[in-house]
Amino acid sequence: MSRSGAIDRIDALLATVSDPAFTAVLRGEPLAIAGSPLLAFWLTNRKETAETLTNVGSITTFTIRGYFRMQASQDVRESVELDIWDAIYNIGSALRGDADLAGNCDDSSVGDATTGFVSMGGLTFRTITIPFEVDILEETTITP
């Protein structure tokens with residue numbers, strides 16, 4: 001198991017989402033958005049769990065966020081709603097299909113998706129946000 005392997009696997013699984021066709025999958029929260037729709041993920045939280053005399057486990061939470069550029073056209077805005085729903089479903093399916101992230105964690109879980117809006121660079125984007133928890137039971141070894 002490795003943390004870098006888990007991140008690589010999350011990236012690879014998100015890259016398999018083809019509906020909608022994201023222009024890119026980025027590691028880290030974007031400061032600007034060049035193409036739409038865009039998918040990004042970043043580490044949000046880590047908490048230690050299950051401490052024993054020899055090791056400590058952890059649950060690490062990643063935020064997965066999709067960005068969909070809004071436009072004045074009513075037809076475009078309506079199509080974005082279907083893209084958002086498809087993205088939520090397909091991201092969840094991709095991540096659930098490999099719960100141990102190719103052996104780089106003990107388990108993972110997809111949280112409840114939320115939607116919203118964000119302004120960036122003078123443009124408005126509709127967003128989806130999905131928390132993703134990665135559980136490693138014996139991440140840190142305690143040596144006396």
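Is Asp 11 buried or exposed? Asp 11 counts as buried, because its relative accessibility is 17%, where buried means under 20% relative accessible area, exposed over 50% and partly exposed in between (1.4 Å probe, protein chains only).

A quick word on the model. This is a predicted model, so local features need pLDDT of at least 70 and side-chain atom pairs count only at pLDDT 80 or more, while totals for chains, interfaces and linings use all residues. Residues are numbered from 1 along each chain as its sequence is written, and side-chain values use heavy atoms, with hydrogens and water left out.

Now the overall layout. The chain has two helices and six strands, in the order α-β-β-β-α-β-β-β from the N terminus. Helices (H or I, at least four residues) and strands (E, at least two) are DSSP runs, numbered from the N terminus. Along the principal axes, the C-alpha atoms fill a box of roughly 65 × 30 × 20 Å. Of the 144 residues, 39% are buried.

Back to Asp 11, which sits in helix α1 (residues 3-15). At the start of α1, a side-chain oxygen of Ser 2 comes to within 2.8 Å of the backbone nitrogen of Gly 5.

Thr 127 is another buried residue, at 6% relative accessible area, and it belongs to strand β6 (residues 123-141). The table puts the two side by side; contact means heavy atoms within 4.5 Å, and neighbours within four places in sequence are left aside.

| Residue | Relative accessible area | Contacts |
|---|---|---|
| Asp 11 | 17% | Val 25, Arg 27, Phe 41 |
| Thr 127 | 6% | Arg 65, Gly 66, Tyr 67, Thr 114, Thr 115, Gly 116, Phe 117, Val 118 |

Then there's the packing. A nonpolar core is a set of buried Ala, Val, Leu, Ile, Met, Phe, Trp, Tyr and Cys residues joined through side-chain atoms within 4.5 Å. The largest one has 26 residues, and Ile 64, Ile 91 and Phe 132 have the most contacts inside it. At least two residues each come from α1, β2 (38-49), β3 (55-69), α2 (74-96) and β6, with α2 giving the largest share, six residues. Leaving out residues up to four places away in sequence, Ile 91 touches Leu 14, Val 17, Phe 22, Leu 39, Ile 64, Ile 128 and Ile 130.

Key. A polar contact is a pair of N or O atoms within 3.5 Å; within protein, one must be able to donate a hydrogen and the other to accept it, and residues adjacent in sequence count only if both atoms are side-chain atoms.
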